[in-house]
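User: I have a model open and would like to learn how to read its features one by one. Could you walk me through it?

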Amino acid sequence: MLAAAECRRDEIDVIGFGCGPGSFTGVRIAAAVAQALAFVADARVLPVPSARVWFESAQRQLPAGSLSANCLVAVASRGQAYYLSHLLVSGQAVTTVREAALYEAPPDWLIETADTESWSVIGQVPEWLPESLQNIAHETVEPAADTVLDFVQGQHNTGMSLAPEYALPSYVQGDSPWKKQSTVS
């Protein structure tokens with residue numbers, strides 16, 4: 001892989017990877033590969049949340065000024081369950097207001113604060129999202145790994161990267177397809 005990229009392992013400082021939440025198998029594989037490569041290259045790792053991947057992709061793929069100050073990022077889980085994250089954009093600064101959580105209906109915090117002028121929606125839009133927000137969704141945005149390169153390097157340069165053993169997937173509490181059932185005899 002390094003030969004194909006015309007790169008030596010001593011040239012690798014940090015390995016960024018999509019840590020989720022998202023496809024269970026996908027985030028596990030991403031974490032395992034990032035960790036293995038980082039150990040081999042004696043590099044650091046930087047887990048990148050799904051919401052940040054979608055946001056950085058939107059920044060690159062949409063015309064300048066397309067995104068509002070409040071960005072709702074939606075990532076499909078299964079059925080009608082979606083991971084929703086709230087990012088706040090102020091100039092060049094991006095702050096995570098609400099980390100990804102799993103929802104099967106619009107959360108109260110979104111209903112109470114969402115007006116179409118101050119929000120942008122990025123990602124896979126849930127059918128249950130209020131129509132006013134569905135109408136402003138940027139559904140053409142596709143998550144792309146190359147869009148997070150500058151973010152990963154910037155985070156690494158500010159000391160945010162981690163040792164390889166911390167290349168772990170992000171799990172959301174309560175997100176399991178397995179439901180406990182009791183049987184009555």
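Predicted model: local features only at pLDDT ≥ 70, side-chain atom pairs only at ≥ 80, totals over all residues.

User: How many helices and strands does the protein chain have, and in what pattern do they follow along the sequence?

Analyst: Helices (H or I, at least four residues) and strands (E, at least two) are DSSP runs, numbered from the N terminus. Here the protein chain has 5 helices and 7 strands, and their pattern reads β-α-β-α-β-β-β-α-β-α-β-α. The C-alpha trace spans about 60 × 50 × 25 Å along its principal axes.

User: How do I read the strand order of the sheet?

Analyst: Two strands pair if DSSP finds at least two bridges between them. In this case 5 strands make an open sheet with mixed pairing, in the order 5-4-3-6-7. At its edges are strand 5 (93–103) and strand 7 (137–138), each pairing on one side only.

User: What share of the residues is buried?

Analyst: Accessible areas come from the Shrake-Rupley method with a 1.4 Å probe, and for residues only the protein chains shown count as cover. Buried means under 20% relative accessible area, exposed over 50%, and partly exposed in between. Of the 185 residues in the protein chain, 37% are buried. The accessible surface comes to about 11,000 Å², with 51% of it belonging to carbon and sulfur atoms.

User: Is Leu72 buried or exposed, and which residues does it touch?

Analyst: Leu72 sits in strand 3 (residues 70–78) and counts as buried, at 0% relative accessibility. A contact means heavy atoms within 4.5 Å. Leaving out residues up to four places away in sequence, Leu72 touches Leu84, Ser85, Trp109, Leu110, Trp119, Ser120, Val121, Ile122 and Leu129. For the chain as a whole, 62% of the contacts with a separation of 6 or more are between residues 24 or more positions apart.

User: Which side chains meet in salt bridges, and how many salt bridges are there?

Analyst: Side chains of opposite charge can pair when their charged atoms come close. The cut-off for a salt bridge is a side-chain nitrogen of Lys or Arg within 4 Å of a carboxyl oxygen of Asp or Glu. The structure holds 4 of them. One joins Arg52 and Glu56 at 2.8 Å, N to O; both residues lie in helix 2 (residues 50–61), 4 residues apart, about one turn of the helix. Arg52 is buried, with a relative accessible area of 16%, and Glu56 is buried at 14%.

User: What links Arg8, Asp10 and Glu11?

Analyst: Arg8, Asp10 and Glu11 are linked in a network of salt bridges. For Arg8 and Asp10, the closest N and O atoms are 3.1 Å apart; for Arg8 and Glu11, the closest N and O atoms are 3.6 Å apart. Asp10 is exposed, with a relative accessible area of 56%, while Glu11 is partly exposed at 42%.

Conventions
Residues numbered from 1 in each chain as written. Heavy atoms only, no water. Buried < 20%, exposed > 50% of the residue type's maximum accessible area, 1.4 Å probe, protein only.
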